[in-house]
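Me: I would like a close look at one part of this model, the place where the two chains meet. Please set that contact in the context of the sheets and domains around it.

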Number of protein chains: 2
Amino acid sequence: MSRYDFKEHDPFAPIVYTYPNTALLHRETSKYQEIQIRQHPHFGRMLILDDVVQLTERDEFFYHEMLVHPVLNTHPDPKHVLIIGGGDGGSMRETLRHKGVESVTLAEIDERVVAVSREYFPTLRSGFEDPRAEVVFTDGIKHVQNPPRKYDAIIVDSTDPVGPAENLFAGDFYKAAAEALTENGLFVTQSESLMFHAEFVTEVHNRLKAAFPIADCYAQSIATYAGNWWTFSVGSKQLNPRTPQRRPRMATRLYSAEVHRKAFLAKSIMKKLAAGTIDW
Amino acid sequence: MSRYDFKEHDPFAPIVYTYPNTALLHRETSKYQEIQIRQHPHFGRMLILDDVVQLTERDEFFYHEMLVHPVLNTHPDPKHVLIIGGGDGGSMRETLRHKGVESVTLAEIDERVVAVSREYFPTLRSGFEDPRAEVVFTDGIKHVQNPPRKYDAIIVDSTDPVGPAENLFAGDFYKAAAEALTENGLFVTQSESLMFHAEFVTEVHNRLKAAFPIADCYAQSIATYAGNWWTFSVGSKQLNPRTPQRRPRMATRLYSAEVHRKAFLAKSIMKKLAAGTIDW
């Protein structure tokens, strides 16, 4: 292994992931975090924030498709979507593939993540040129507390719940998000690993239950996120997120109506999650 | 990190996994492989063969439940089961929880894996004391080529397809396994990661299709196996493995009839797998 090995530092993870033979393409320290871009022989370019891999060119679609499409296909006709975080552009790209979407607001706290991603990730940046997209550099929590409009969907595409993103997992934020949604709106957030962070997933679920009439959870295996059995937690004002209302009209690489249905956790696991008795 | 860090060497994996702060409890070189037992602060005791983690006390149930219960609950009344490999005892333990099972034959090539596992893994060894269990130290391929009886299920609980286990993934072996099964028998094998080894999963699927009327595939995220989106490939002589015939009558930690149904890959993925066009 070369001196370019990149070692991921995740304070929660009992396994350390090392990506051998990466080359450092860019490194800077923004106002909020350290940003690195590395090149890896298998995964291609990688976006790394504070030593945690956020995405790789090769496998980002697993995360972005599964974050965005379940709620957007549960809603019968989403027109206005808010993305919080997601400065790399991947979630915006997927959102804008829904032809009925009229506006996407990306509220990203760190301008430098957007600038660096636009430069280094050509396959993610298409949304930034779309006339339906607007980027606001702001704290997403403040945006949700004083929203310029109501949204049909709010998508939280954040880093881990330490540092800048911590408050994006707070109960008060979920309540503000529910207020900022239309009457059949949906909220979704990445919510860490069901394997390594089961207690945290449980907490998120309980906070969503306190803020929304319906709270639910689905998962997808993602190789570059420590713990891998990655969860996405949903708050819904009236629609059942387990049942897609529409079939996707775009060529996705992973997502389908069946993938959507299968991804939601089995009731036996949801029961343990709701009771706080996940025993692994 | 201490000098006891254990670094997993998987020649196929683009991520190297390191388990910090493990303590070496045992190490020996058997006729077939190097066997290590280590203690890890999160995962408990770990069985490591040729530097690849085979199981950990904490998360082995994900693998063993998902390897064993889908085929045994697809079959309406499995009585005679053959396990190839699985010298740690975990698959035998799960098989023997099916009260209708009259005999389990464990064909393990390496006596030392059984001896060391029985000593170090008290939660896995219960099956070795069960009067329905028989352990034969032999090459599983030879056992299947000249089986002493027909089996209702054959379960391959092997290491990666390099070294001693390589021939357990060959088409000829699958054909011999089909011959060794009763007329509605089922075959299942662990078959590596759908993320890191998608081409290999495709090959296994094609070889099973050539040997059985029905070939299918399901997956479970397992944090300690590189690539994590771990597949299990099924060959079936007539029963549809997607549909459990029976509800499990035991208290499993993960497996349920719904987990079984959801674990099978969506048809959109199966279509790509069968066509050899998995594009990630």
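Reply: What follows takes the contact between the chains first, and then the domains and sheets of each chain.

This is a predicted model, and the predictor gives the complex an ipTM of 0.95 and a pTM of 0.96. For chain A the mean pLDDT is 95, with 98% of its residues at 70 or more.

The contact between the chains draws on 28 residues from chain A and 28 residues from chain B. On the side of chain A that touches chain B, the elements that give two or more residues are strand S2 (16–19), helix H7 (257–263) and helix H8 (267–275) of chain A. Of these, S2(A) gives the most, with four residues. Sorted by class, this side of chain A holds 14 nonpolar, seven polar and seven charged residues.

The strand S2 of chain A also pairs across the contact: S2(A) and strand S2 (residues 16–19) of chain B run in the antiparallel sense and are joined over three bridges. Within this pairing, A:Thr18 stands opposite B:Val16 in S2(B). In general, strands of a sheet pair through backbone hydrogen bonds, either parallel or antiparallel.

Between them, 26 residues of domain 1 of chain A are in contact with 22 residues of domain 2 of chain A. Strands S3 (23–29), S4 (34–40), S5 (44–49) and S6 (52–56) of chain A each supply at least two residues of the side of domain 1 that touches domain 2, and S6(A) gives the most to that side, with five residues. By class, this side of domain 1 of chain A has 16 nonpolar, five polar and five charged residues.

In chain B, an open sheet of four strands has the order S3-S4-S5-S6, with antiparallel pairing. Strand S3 (23–29) and strand S6 (52–56) of chain B stand at its edges, each with a single partner strand, so one side of each is left without a neighbour in the sheet. Strand S5 (residues 44–49) of chain B and S6(B) are joined in the antiparallel sense over four bridges, and B:Ile48 stands opposite B:Val53 in S6(B). Helix H3 (residues 111–120) of chain B packs on this sheet, touching S3, S4 and S5 of chain B, and its direction makes about 15 degrees with that of S4(B).

Chain A also has an open sheet of seven strands, in the order S9-S8-S7-S10-S11-S13-S12, whose pairing is mixed. Strand S9 (133–137) and strand S12 (214–221) of chain A are at the edges, each with a single partner strand, so one side of each lacks a neighbour in the sheet. Eight bridges join S12(A) to the antiparallel strand S13 (residues 229–236) of chain A, where A:Tyr218 stands opposite A:Phe232.

How values were computed: Residues numbered from 1 in each chain as written. Chains lettered and ligands numbered in written order. Predicted model: local features only at pLDDT ≥ 70, side-chain atom pairs only at ≥ 80, totals over all residues. Contact = placed C-beta atoms within 7 Å. Nonpolar A, V, L, I, M, F, W, Y, C, P; charged D, E, K, R; others polar. Pairing = 2+ DSSP bridges. Axes fitted to C-alpha atoms, helices over the stretch in contact; angles between N-to-C directions. pLDDT = per-residue confidence, 0-100.
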